[in-house]
Amino acid sequence: MSSEVIIVGGGVIGLLSAYRLAQVGKPVLLLESSFVGTEASWAGGGIVSPLYPWRYSPAVTALAHWSQDYYPQLGETLFQETGIDPEVHETGLYWLDLEDEDAALAWAEREGRPLRRVGIDQVHLTVPALGAGFATAIYMPGVANVRNPRLLQALRAALAKLSNVAIVEQCPVSGFVREGACIVGVQTAQGEMRAERVVVAAGAWSGKLLGTLGMELPVKPMKGQMILFKCAEDFLPSMVLAKRRYAIPRRDGHILVGSTLEDVGFDKTPTEDALESLRATSVDLLPALAEAEVVKHWAGLRPASPEGIPYIGPVPGHDGLWLNCGHFRNGLVLAPASCQLLADLMLERTPCIDPEPYAPTGRL
């Protein structure tokens with residue numbers, strides 16, 4: 001099987017990369033080791049913002065701002081094309097009892113983002129379900145969350161409508177096909193598949209795959225566990241975040257609470273300890289959840305990278321090999337900008353943002 005571009009990985013980064021390239025007529029073959037959209041992209045919370053944006057480097061901020069501004073348009077386009085609504089839901093976000101509140105406000109002023117202090121009494125008026133015991137709050141309006149399983153379904157459906165895209169699932173990639181210094185395809189469970197360019201968008205598994213070329217890509221799995229409650233639709237009008245944990249309302253009253261951060265390799269088994277810890281957090285934040293049933297409890301593997309800065313661009317010394325991986329906790333947040341940047345670089349267009357901080361050159 002031959003194509004112009006092979007994309008390895010069917011999460012949000014792989015799907016959106018395929019969508020961007022296919023829209024300009026590139027023949028794309030997307031390979032997924034299990035089923036499309038069932039790993040980290042499905043497991044995340046879908047907040048369209050880094051949890052603490054002021055603690056990140058300008059490289060992450062640039063991708064985040066571009067993506068945040070673009071998400072409503074992306075959601076609407078996919079809904080129009082597929083009839084599946086990714087539910088880009090603008091609720092705003094409250095941060096409670098931050099120790100670096102001043103740094104957050106200074107960052108927002110520098111970046112022109114609408115972050116402000118709010119009296120805790122005002123927060124209780126706006127979010128009546130919030131627990132007692134919090135002293136300070138800052139609030140950013142306009143912050144959205146996206147219903148990530150629906151986003152993935154919509155991307156899959158949009159790709160299915162394009163005649164120049166093929167998706168092959170249950171097709172693990174074990175290595176690359178080389179001709180001299182060029183990468184001309186991949187070795188898979190279904191045989192050799194060739195392309196002019198290969199994009200690695202395999203999330204936490206990207207480092208393993210690059211290892212088959214003798215390269216050290218510092219991307220590794222970092223487990224996160226989440227729980228889901230079902231409440232009334234108006235139970236939680238805004239996202240809230242305290243002590244590194246958050247509660248996210250969906251439009252239909254589902255509430256996600258997360259998440260853990262565990263360095264346990266490729267084990268994504270949900271644990272009883274995490275369930276108890278997440279339940280305790282839930283009740284601290286929103287005491288009424290003590291009476292609510294946990295609808296679901298799951299785990300996923302984030303692709304951890306140094307400083308959370310993804311690798312986007314061509315790999316030096318390996319013509320034809322490209323990366324779009326290593327987004328750590330922010331794959332869903334950064335996906336629109338990351339995939340636009342990849343497409344811009346591959347198509348030799350003016351890049352949407354400065355590509356230098358993400359270039360694999362000098363970072364591998």
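1. Two strands are taken to pair if DSSP finds at least two bridges between them, and the strands themselves (E, at least two residues), like the helices (H or I, at least four), are DSSP runs numbered from the N terminus. The model is a predicted one, in which local features need pLDDT of at least 70 and side-chain atom pairs count only at pLDDT 80 or more, while totals for chains, interfaces and linings use all residues. Residues are numbered from 1 along each chain as its sequence is written, and side-chain values use heavy atoms, with hydrogens and water left out.

2. Leaving aside neighbours within four places in sequence, Glu-101 is in contact (heavy atoms within 4.5 Å) with Arg-117, Thr-136, Ala-137 and Ile-138. With Thr-136 there is also a side-chain to side-chain polar contact of 3.3 Å; the term covers a pair of N or O atoms within 3.5 Å, of which, within protein, one must be able to donate a hydrogen and the other to accept it, and residues adjacent in sequence count only if both atoms are side-chain atoms.

3. The loop between β15 and α8 deserves a careful look. Ser-259 is found in this loop, and a cis peptide bond with omega of about -10° joins Gly-258 to Ser-259. Thr-260 lies in the loop as well and counts as buried, at 8% relative accessibility. A polar atom of the Thr-260 side chain lies 2.8 Å from the backbone nitrogen of Gln-225, and a polar contact of 2.5 Å joins the side chains of Thr-260 and Glu-262. Not counting residues up to four places away in sequence, Thr-260 touches Lys-223, Gly-224, Gln-225, Arg-245, Ala-274 and Arg-302.

4. Val-8 is found in strand β1 (residues 2-8) and is buried, with a relative accessible area of 6%. Beyond its neighbours within four places in sequence, Val-8 is in contact with several residues, among them Leu-31, Val-173, Val-186, Ala-201 and Leu-209. Although Val-8 and Arg-302 are 294 residues apart in sequence, their C-alpha atoms are 17 Å apart in space.

5. The domain assignment, whose bounds come from an automatic or database source, gives domain 1 (5-54 + 150-219 + 306-358) and domain 2 (93-141 + 220-304). The C-alpha centres of domain 1 and domain 2 lie 29 Å apart, and 22 residues of domain 1 are in contact with 31 residues of domain 2.

6. UniProt, in an unreviewed entry, places the feature "domain: FAD dependent oxidoreductase" at residues 5-345; its positions follow the numbering used here, feature names are shortened, and annotations may be inferred rather than shown by experiment. Over residues 5-345 the chain is 31% helix and 28% strand, with the end C-alpha atoms 14 Å apart.

7. Some backbone details remain. Strands β17 (residues 311-314) and β18 (residues 321-325) run antiparallel and are joined by four bridges; in their hairpin, which has six residues between the strands, Gly-317 takes a positive phi near 80°. Gln-170, which is not a glycine, has a positive phi of about 50°; it is found in the loop between β8 (165-168) and β9 (173-179) and counts as exposed at 52% relative accessibility. Glu-307, likewise a residue other than glycine, has a positive phi near 60°, lies in the loop between β16 and β17, and counts as exposed at 62% relative accessibility.

Definitions and conventions
Buried means under 20% relative accessible area, exposed over 50%, partly exposed in between (1.4 Å probe, protein chains only).
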